[in-house]
Amino acid sequence: MRKNGLLSLVYHAIFIAFILAPLVVVVLVSFTGKGYISLPTDGFSLRWFRAIGGATELVNAFWISLWLGLASATVAVVLAVPAALALVRYRFPGRGVLAAFFMSPLMIPHVVLGVAFLRFFTTVGVSGSFAWLALTHVVVVMPYALRLVLASATGLDRDAEKAALSLGANRMTAFRRIVLPLILPGVVGGWMLAFIQSFDELTMTVFVATPGTTTLPVAMYNQIAQTIDPLVASVSTVLIAGTVVLMVLLDRLVGLDRVLIGKG
Amino acid sequence: MAEAASGPRAGSAPWFLSAPALLLFLGLLVIPLALTAVLSFHSFDGTRGVLPDFTARNYLEVFSDPYYYEIFLRTAGLALAVTLLSVLFGVPETIILSRMKAPWRGIFLIVILGPLLVSVVVRTLGWAILMGNNGLINAGLRALGLTDEPVRLLFTMTGVVIALTHVLMPFMVISVWASLQKLDPQVENAGLSFGAAPFTVFRRVILPQILPGILSGGIIVFALAASAFATPAILGGRRLKVVATAAYDEFLSTLNWPLGASIAILLLVANVIVIAGFNRWLERRYAQVFEG
């Protein structure tokens, strides 16, 4: 393999600067002591981090996003595990179609899903329902969970499970005591990735969010669309910090490259 | 999913196992999309609202009205520009990345791909702060003496293209990275040791092998750019509408739901045609590569 020349490394430095610039600038601006968007030239201030506590709308939206992410990621994993086992273990007519169907939300633009869910919600009369919003998030995030569970369930050694079954364990016990521990990294990684996708989702949710079910990305979008103040920057900084923590956890559990690149 | 499934008799077990997910998807994916398709054929009256008739008027309006025509053209142009830029800048970076040594390689890969996990609202906010008339980009340009007048980036197509390229760049890197991992470095060395110039080796040896990765990365970036919402909405402002923001306005401002539904259905159909058509072409074109 050839080494990188000086020119390549200069290009690399510029590229990394381009990738990090918008995130770094958000973090820097959030430490300003002034009342408007500016770099903290005269000392760092925590003024805008303290202001988060008083921003009731954003705090409420954060809790909604948190519960939404927890609920939809959990349901998505509970649905994805048996579906993944069905796809990995059996060869049956319609298997390819079923797999493609479960992955299809990745191919549908979120704005189309938003339109479709809004139409569905008003037709059925469930606008403003947290439970229904969570179910729509399950549809959107399940492909991410399914992909990681599939990767960990593929090529699984089945001897231990067969031994347990022949020794009289019932299917549920064999699953709980043998299969689940073996696929656990994929399950946990899938859950976390699903949680992040749900927590960050904007384009679909912005269509169906009501005052009672406004998520954090929707609340931030609504705010930014009017005016950009240091408060959204400090909330963003908290989100960036939270994402970094989750990334470290994901890296320890399944390996971040595996989560992001999606190779089993 | 090329993995061979095991198990001789399937019977109803796989359907039983996937039934919960299947039911959810039928109820909350197929039905809402079907309702939207039906809605797109209804007509709309300013005073009476949505009328339950069956007409192709919305589609005719989208195709004939220069206003919507322009929105679709602008969206296609935006997606094309973002795709070209992410190929132009993403491919060299991924090659540089693959040539790095062990700790740095992994670190920079995570630095480039990590932003995917940060909300697109946050990433776009960063660009909005950078691009303002008194933002960092203009301050930098002024300090370097390159301009006196502030360069307008916010609420321009240039600004949206730059930010959206940033947002979608990781997808290009992922795709090219995956195809580079399959590449045998010895082939490149062989080319060099036979006296070929580095650029010739790149063009004749490396490029043909990573082209499928570049193309599939390109299609992912194109599809996501064509349906992007947050970045064009925040950085493009009211004037620079794209398909996604136009559909949003029809649904939540103008309240002409049937027209909004027809815009959404057109976006979905275009998306599926582009992705499915491209995949089919890619598989036929590179059948040997995939089998080999």
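**Figure 1. Secondary structure and overall dimensions of chain B in the predicted model.** In this predicted model, chain B is assigned 13 helices and two strands. Its C-alpha atoms, taken along the principal axes, occupy a box of roughly 75 × 75 × 30 Å, and 41% of the 292 residues of chain B count as buried. When contacts in chain B between residues at least 6 apart in sequence are considered, 71% of them join residues at least 24 apart.

Figure 2. The pLDDT of chain B averages 89, and 95% of the residues score at least 70. Over residues 1-8 of chain B, however, the pLDDT is below 50, and this stretch has 12 contacts in the model beyond near neighbours in sequence. Where pLDDT is low, the predicted coordinates should not be read in detail. For the complex, the predictor gives an ipTM of 0.91 and a pTM of 0.91.

**Figure 3. Secondary structure and overall dimensions of chain A.** Chain A comprises 12 helices and zero strands, and its pattern, read along the sequence, is α-α-α-α-α-α-α-α-α-α-α-α. The box filled by the C-alpha atoms of chain A is roughly 70 × 60 × 30 Å along the principal axes, while buried residues make up 46% of the 264 residues in this chain. Of the contacts in chain A with a separation of 6 or more, 77% are accounted for by residues 24 or more positions apart.

**Figure 4. The contact between chain A and chain B.** Chain A contributes 78 residues to this contact and chain B contributes 73 residues. On the side of chain B that touches chain A, helix α1 (residues 13-39) of chain B gives the most, with 16 residues. Sorted by class, that side of chain B has 57 nonpolar, 11 polar and five charged residues.

**Figure 5. Packing of helix α8 against helix α9 in chain B.** Helix α8 (residues 185-193) of chain B and helix α9 (residues 198-226) of chain B pack with their axes 10 Å apart and at an angle of about 135°, which makes α8(B) oblique to α9(B). The crossing in which α8(B) passes α9(B) is right-handed. On the α8(B) side the contact is made by Val187(B), Glu188(B), Gly191(B) and Leu192(B), and on the α9(B) side by Pro198(B), Val201(B), Val205(B) and Ile206(B). The residues of this contact between α8(B) and α9(B) divide into six nonpolar, one polar and one charged.

**Figure 6. Packing of helix α1 against helix α11 in chain A.** Helix α1 (residues 6-29) of chain A and helix α11 (residues 230-253) of chain A have axes 8 Å apart and pack at an angle of about 120°, so that α1(A) is oblique to α11(A). Here α1(A) passes α11(A) in a left-handed crossing. The contact is made by Leu23(A), Val26(A), Val27(A) and Val29(A) of α1(A), together with Pro230(A), Ala233(A), Ser236(A), Thr237(A) and Ile240(A) of α11(A). By class, the residues of the contact of α1(A) with α11(A) divide into seven nonpolar, two polar and no charged.

**Figure 7. The surroundings of Ala246(B).** Ala246(B) lies in helix α11 of chain B and counts as buried because it has 24 C-beta neighbours inside 10 Å, the cut-off for a buried residue being 20 or more. Leaving aside neighbours within four places in sequence, Ala246(B) is in contact with Ile71(B), Lys241(B) and Ile263(B). As a further point of reference, Ala246(B) and Val38(B) are 208 residues apart in sequence and 19 Å apart in space, from C-alpha to C-alpha.

Figure 8. Phe155(B), although it is not a glycine, has a positive phi of about 65°, and it is found in the loop between α6 (136-143) and α7 (157-181) of chain B. Because Phe155(B) has 16 C-beta neighbours inside 10 Å, it counts as partly exposed. Leu255(B), also a residue other than glycine, has a positive phi near 65° and lies in the loop between α11 (243-254) and α12 (257-285) of chain B. With 14 C-beta neighbours inside 10 Å, Leu255(B) is therefore classed as partly exposed.

How values were computed:
Residues numbered from 1 in each chain as written. Chains lettered and ligands numbered in written order. Predicted model: local features only at pLDDT ≥ 70, side-chain atom pairs only at ≥ 80, totals over all residues. Contact = placed C-beta atoms within 7 Å. Helix = DSSP H or I, 4+ residues; strand = E, 2+ residues; numbered from the N terminus. Nonpolar A, V, L, I, M, F, W, Y, C, P; charged D, E, K, R; others polar. pLDDT = per-residue confidence, 0-100. Axes fitted to C-alpha atoms, helices over the stretch in contact; angles between N-to-C directions. Parallel < 35°, antiparallel > 145°, perpendicular 65-115°, else oblique. Left-handed = near helix turned anticlockwise from the far one by under 90°. Buried ≥ 20, exposed ≤ 12 C-beta atoms within 10 Å, placed from the backbone.
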